[in-house]
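Thanks for coming. I have one structure to go through today, so let me put it on the screen.

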2 protein chains.
Amino acid sequence: MKPDFSPVECCDSVEVHESLLKIVDESLPPEEELYDLAELFKIFGDSTRIRILFVLFEAEVCVCDLASALNMNQSAISHQLRILKQSQLVKSRREGKSVFYSLADDHVRTIISQGLEHVEE
Amino acid sequence: MKPDFSPVECCDSVEVHESLLKIVDESLPPEEELYDLAELFKIFGDSTRIRILFVLFEAEVCVCDLASALNMNQSAISHQLRILKQSQLVKSRREGKSVFYSLADDHVRTIISQGLEHVEE
DNA sequence: TCAACATATGAACAATCGTTCATATGTTCA
DNA sequence: TGAACATATGAACGATTGTTCATATGTTGA
């Protein structure tokens, strides 16, 4: 992101603008937190990952079963599971040759159900 | 997304798999809803848009002030506002030469604060 | 140890995305 | 009406993303 300063005196309203700058400065979370937040939502912004999460709402499932339940090949699912795991949205457990995935915590449900509310209205 | 059927008898566990298919079939929301949900989260998955929303949490703001508050040029902000408006996350109101943007409803706050909780832990 | 199976991963590709630049549209005021 | 300002938008660009393919790693049982 390249900074591209606009003049401070825009909109012919210097006062409003200055108080806005103050508000923004006080209420805007630190840059890093905003970035992490965007990264988190990016994870939910793919329907394959959403579908994986919906399956995991119901059960702990191995990669192979996820793949066939969602009609996708093993590699694609595996790549997405890695992303979900890196974001600590799912966890995994090996059992013999298989690896079983499940939800890491219940934040995921809350976030998705809030999203659904918005979408369904 | 090209279907690439894996054999149904994967993982040497036909039974588990079949009951999973049933569960998925019953609990997975329709494809269109999943798609819309992913589209919604995609909107939140960009830190410029997140920052715009955080400013709008505090006040109704015109494009020019948004641009200078966030140190970005007018065009970039305007493009992002269009995306936010199309998703009905913000609404706009013209007042003379300026256009003022504000949050469309309070779902946005809820979704973002849930996300923050996850990120902050 | 070796074959068979389940999963993970790197490279490559097309597709999508965010920003910039140039310019168009809309509004006000002289 | 025309200049000045605020906003919107289309094209183009580099950057990022999701999937596929090929192959590597890990596990089991013979």
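Predicted model: local features only at pLDDT ≥ 70, side-chain atom pairs only at ≥ 80, totals over all residues.

Next, the interface. In chain A, 66 residues are in contact with 66 residues of chain B. The two copies meet through the same surface, because 100% of the interface residues of chain A are also interface residues in chain B. The area buried between chain A and chain B is about 5,600 Å², and carbon and sulfur atoms give 70% of that. Of the area that chain A buries against chain B, A:F41, A:H107 and A:H118 supply 11%, more than any other three residues.

What about polar pairing between the chains? The count of salt bridges between chain A and chain B is zero, and the rule finds two residue pairs in polar contact across that interface. As for which elements are involved, several in chain A each supply at least two residues of the side that touches chain B, including α1 (14–27), α2 (31–44) and α3 (47–58). The largest share of that side, 11 residues, comes from α6(A).

Now the core. The largest nonpolar core has 72 residues, and those with the most contacts inside it are A:F44, A:I112, B:F44 and B:I112. Take B:I112 as the example. Leaving out residues up to four places away in sequence, B:I112 touches A:L37 and A:F41, and on chain B it touches F44, I50, L53, F54 and F57. As background, nonpolar side chains tend to be buried together in soluble globular proteins.

Last, the charged pairs. Over all chains, a search of the whole structure finds eight salt bridges. One of them joins A:E95 to A:R93, with the closest N and O atoms 2.8 Å apart. A:E95 is partly exposed at 46% relative accessible area, and A:R93 is partly exposed at 34%. These two and A:E60 are linked in a network of salt bridges.

A:D106 also forms a salt bridge, with A:R109, at 3.2 Å between the closest N and O atoms. On chain B, the side chains of B:K42 and B:E39 meet in a salt bridge at 3.0 Å, N to O. Both lie in helix α2 of chain B, three residues apart, about one turn of the helix. B:K42 is partly exposed at 39%, and B:E39 is partly exposed at 29%.

Methods
Residues numbered from 1 in each chain as written. Chains lettered and ligands numbered in written order. Heavy atoms only, no water. Core = buried A, V, L, I, M, F, W, Y, C linked by side-chain atoms within 4.5 Å. Buried < 20%, exposed > 50% of the residue type's maximum accessible area, 1.4 Å probe, protein only. Contact = heavy atoms within 4.5 Å. Buried area = accessible area lost by both parts, 1.4 Å probe. Salt bridge = Lys/Arg side-chain N within 4 Å of Asp/Glu carboxyl O. Polar contact = N/O pair within 3.5 Å; in protein donor to acceptor, adjacent residues only side chain to side chain. Helix = DSSP H or I, 4+ residues; strand = E, 2+ residues; numbered from the N terminus.
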